[in-house]
Amino acid sequence: MHHMYFVLAQNVSSEFLLDPIKLLILFATALVASGIVSKLVSDIHRCGLPCFKWHGILIGGLVAGFFAGLFIPTIWISWPVQIIFTMGPILWYWKSRNAVVPEKQKFIIGGAKVRAMFKKRGATKARSGGTLSFKDTNKKDRLNPGKNDPLLPAFQAADKLLSNSLLARASRIDMVVKADGVTTVHTVDGIRNKLESTTPEIAMSMIDYLKDLCGLDVKERRKRQNGSCWVINEEIVIPLSFSIAGSSTGQQMRLDFDRAKNMSRTIPQVGFLPKQEKVVLELADPLARGGVVLVSATAGQGLTSTCLSLLSGHDAFTAAVKTLEKNLIHRLDGVDHQAWTSTQGGVDYPTQLQSIIRRSPDVVYVEDISETGVGKLVAASNNSDIRFYVAVPADGVSACVSEWFKSVGNINLAAEPLRMVIAQKLCRKLCVACRVGYQPSPEQAKKLGITASKPVELYKASGKVQVKNKIIECPMCNGTGYLGQTIISEVFIIDAEARAFLAPKGDFKSAYNASRMKYKLPGMQESALQRVRDGTTSLEEAIRILTPATAKPSAPAAGSAQAAPASTKPASPPSKPKASS
Ligand SMILES: [Zn+2]
């Protein structure tokens, strides 16, 4: 026994432990692995994951791998063992990290994010020199123009504009070209930012370059033209929607990056509060079909995305789900999407909707009730077995109901099938990597409905992180302090009691208050404050989205003389949030 131990020890020390080639391999492997781990250590902080735990796991794996490699005699066993010990924790971290970070920040094998992280500085440098490439409308590769190509300035302008916007996580670019100047704006998390402008000549040549990529008529300067192509940024292929229209004053261009990206959400992914989500999910119950559900938001506030998520709640195998859309962005599996365009052989929107309804569908998504006759058709009593989801471009439940009443033109007819009204706004989510916690002042806490007994931590945006005693711009959100958006919503359930207020009296306020009291669902303001309390967003952002845009006239509520409810004034939000629930 003693003898054997001695032999083993002798073998280890003399033959294997000090084998220089083996040591070299083990050291080299440990060096590469520690390089990866040191990159991940700063990544842990950025993702807001528990630092202490993950440092331990990653470094532990590194050390364990090295010593396992050292003490296993045969190199062809010891080396793979070292790799398994070292890589296991790294892969584990990879998986855990992808589960918490937004889609764009995920590491995907071979993905640009991984490479970008290891050569971030190099990538930024290369980008300004032009690294984008394009695929045309048929998804065929388009070679970037060479040095002496007359298209080079046009390409370079497109390259600069698009790569800067992609770097800033913009979802959309708007450009207006007039004879005396160019205005360019891009939208990041719903916030419009003005960009440095180029000359009208270069802007026009860039627009022509994009028109050609999208297969549009380059010479046409007046008619609205829509097209699409693809842009390739760091080997990621991104769909690009392009729209251009001209007038006597100039050209208006709009570019959207990956418009369909947020269109395939399920109801739980939309961002309703738990109480709201429960009642919204019940809408898909096959035994309680029928009725009209109004969904409202103003332009750019995620209306289509939420409507499509409501459709996805219905089982497409057992329910016939149909749509009629003027602006078809994304097709859901199993849903019969129909696009309507004004040029379609003279068939108007209500006529096409009528023909869809005749084929006895179970669920219909109506995108436009502003056309004469649509409201009446949807509210007709012989269609009461059909569930209608109706998109209403209005701000808040009150304005939405008012629009609906106007479209139907008869209070009793309009109130009868109404089942639910959902109103929403988009709200920026705080970047978890750089948000800063603070204790609200007693006044703030009171406003937020926080009881004095339990201390809470709220968060505010910073956009800055500390790396080795240096304060730098947060690389996750590019210093904006926010990353991505979620909805703030209000769900108004209309039952028999609420309906009795709506028709024939048109008393919206009483209907709304009765429903709020009974179902205890949060109003718009309460929902926003709840998202402040749970750290999703900041108090500043909640105030921003709740503050009405004073410049805009309140078009929906005005001028609806005969059919609108008598009390169209918003019943909410009250000037101070209530400290309820
Ligand atoms: Zn950040």
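Predicted model: local features only at pLDDT ≥ 70, side-chain atom pairs only at ≥ 80, totals over all residues.

**Labels and the values behind them**

Me: What makes H14 a helix, and how does its reach compare with the expected one?

Reply: Helices are DSSP runs of H or I with at least four residues, strands are runs of E with at least two, and both are numbered from the N terminus. H14 covers residues 397–408, 12 residues in total. The protein has 20 helices and 19 strands.

Me: How many residues of H14 are buried?

Reply: In H14, 12 of 12 residues are buried, among them Cys400, Glu403, Trp404 and Lys406. A residue is buried if 20 or more other C-beta atoms, placed from the backbone, lie within 10 Å of its own, exposed if 12 or fewer do, and partly exposed in between. Of the 581 residues of the protein, 34% count as buried.

Me: Why is tyrosine 349 given its burial label?

Reply: Tyrosine 349 has 22 C-beta neighbours inside 10 Å and therefore counts as buried. Tyrosine 349 belongs to helix H12 (residues 349–358). Beyond residues up to four places away in sequence, tyrosine 349 touches Trp340, Asp368, Glu371 and Val374, a contact being a pair of C-beta atoms within 7 Å. Glutamate 371 is 22 residues away along the chain, yet the two C-alpha atoms are 7.3 Å apart.

Me: How do you know whether aspartate 189 and asparagine 478 are buried or partly exposed?

Reply: The neighbour counts decide it. Aspartate 189 has 21 C-beta neighbours inside 10 Å, so it is buried; asparagine 478 has 15, so it is partly exposed. Aspartate 189 sits in the loop between strands S4 (181–188) and S5 (191–195), and its phi is positive, near 50°, though it is not glycine. Asparagine 478 lies in the loop between strands S18 (470–473) and S19 (482–493), also without being a glycine, and has a positive phi of about 55°.

Me: What is the largest nonpolar core, and which residues have the most contacts inside it?

Reply: The largest core has 81 residues, and those with the most contacts inside it are Val295, Val366, Val390, Cys400 and Val421. Strand S14 (residues 418–430) contributes the most, with 8 residues. A core joins buried Ala, Val, Leu, Ile, Met, Phe, Trp, Tyr and Cys through C-beta atoms within 7 Å. A second, separate core of 28 residues includes Phe134, Cys229, Val231 and Leu255.

Me: How do helices H7 and H8 cross?

Reply: The axes of H7 (residues 152–167) and H8 (residues 200–213) come within 8 Å and cross at roughly 85°. This makes H7 roughly perpendicular to H8, because that label covers 65 to 115 degrees.

Conventions. Residues numbered from 1 in each chain as written. Expected span 1.5 Å × (residues − 1). Axes fitted to C-alpha atoms, helices over the stretch in contact; angles between N-to-C directions. Parallel < 35°, antiparallel > 145°, perpendicular 65-115°, else oblique. Contact = placed C-beta atoms within 7 Å.
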